[in-house]
Amino acid sequence: MGYSKAQKARTHKRIVAIASKRFREKGLAGLGIAELMKEAGLTVGGFYKHFDSRDELVAEGVSSAFGDWQRRVDAAASGGPPVSYAKLIDDYLSDAHRRNPGVGCAFSALAPEIARSDKRTRALTSEQVRKDIDLLAGLPPDKNKRAARSRAILTFSALVGAMALARAGSDESLSREILKTVGELLKKP
């Protein structure tokens, strides 16, 4: 008996979720299809029932990691915890985020690799960068749209860069200093 469409969709979603996490932990080249499918409890042959190519998996895996800030804003609008510029910065630059790249931001974990990936993945990334910059530019709303956008670009770039550097080194003290310093400077009026 074959898979139903619903079962296939659930399996596809599970494969993408595993790949998304493992890509952020190991890098785009650090995860093989055989390893991924074994973790998903499937055969390598089953991969091609879900994806036409590895590039398609990469695009879906990276894309599924995007949108955390927007989900938080949406939750706040539905009565969840409020979202602020300072809170986003503090959460992004947290030690928990640094220590858990598999559930963190795809940009700080994968930006150099995404830059060398296929056009679809890069286009999805560009779209998400725009969304995140727009979201930051609206926190708090500023009458000077150009200044708000410039500040958002600087903030986004500093967050991603600080997290990438904090993860790259082996010196815990330096890593914490980078995150703390960038956070303090970004939150200055």
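## Burial and surface

Of the 189 residues in this protein, 38% are buried. Keep in mind that we're looking at a predicted model. Its accessible surface is about 11000 Å², and carbon and sulfur atoms account for 56% of that.

On the charge side, there are 33 positive and 22 negative side chains. The centres of those two sets sit 3 Å apart.

## Overall build

It's helices from end to end: 11 helices and 0 strands. Looking at contacts between residues at least 6 apart in sequence, 64% link residues at least 24 apart.

## What's in the core

The largest nonpolar core has 46 residues, and the members touching the most others are Phe23, Leu36, Leu57, Trp69, Tyr92 and Leu93. Helix 10 is the top contributor, giving 8 residues.

Leu93 is a handy one to click on. Leaving out residues up to four places away in sequence, Leu93 touches Leu159, Ala162, Met163, Leu179, Val182 and Gly183.

## How confident is the predictor?

The pLDDT averages 95, and 98% of the residues score at least 70. Going element by element, helix 11 (residues 172-187) has the highest mean pLDDT, at 98. The lowest mean, 92, belongs to helix 3 (residues 44-47).

How values were computed
Residues are numbered from 1 along each chain as its sequence is written. This is a predicted model: local features need pLDDT of at least 70, side-chain atom pairs count only at pLDDT 80 or more; totals for chains, interfaces and linings use all residues. Side-chain values use heavy atoms; hydrogens and water are left out. Helices (H or I, at least four residues) and strands (E, at least two) are DSSP runs, numbered from the N terminus. Buried means under 20% relative accessible area, exposed over 50%, partly exposed in between (1.4 Å probe, protein chains only). Contact means heavy atoms within 4.5 Å. Accessible areas come from the Shrake-Rupley method with a 1.4 Å probe; for residues, only the protein chains shown count as cover. Lys and Arg count as positive and Asp and Glu as negative; His and the chain ends are not counted. The place of a charge is taken as NZ of Lys, CZ of Arg, CG of Asp or CD of Glu. pLDDT is the predictor's confidence in each residue, from 0 to 100. A nonpolar core is a set of buried Ala, Val, Leu, Ile, Met, Phe, Trp, Tyr and Cys residues joined through side-chain atoms within 4.5 Å.
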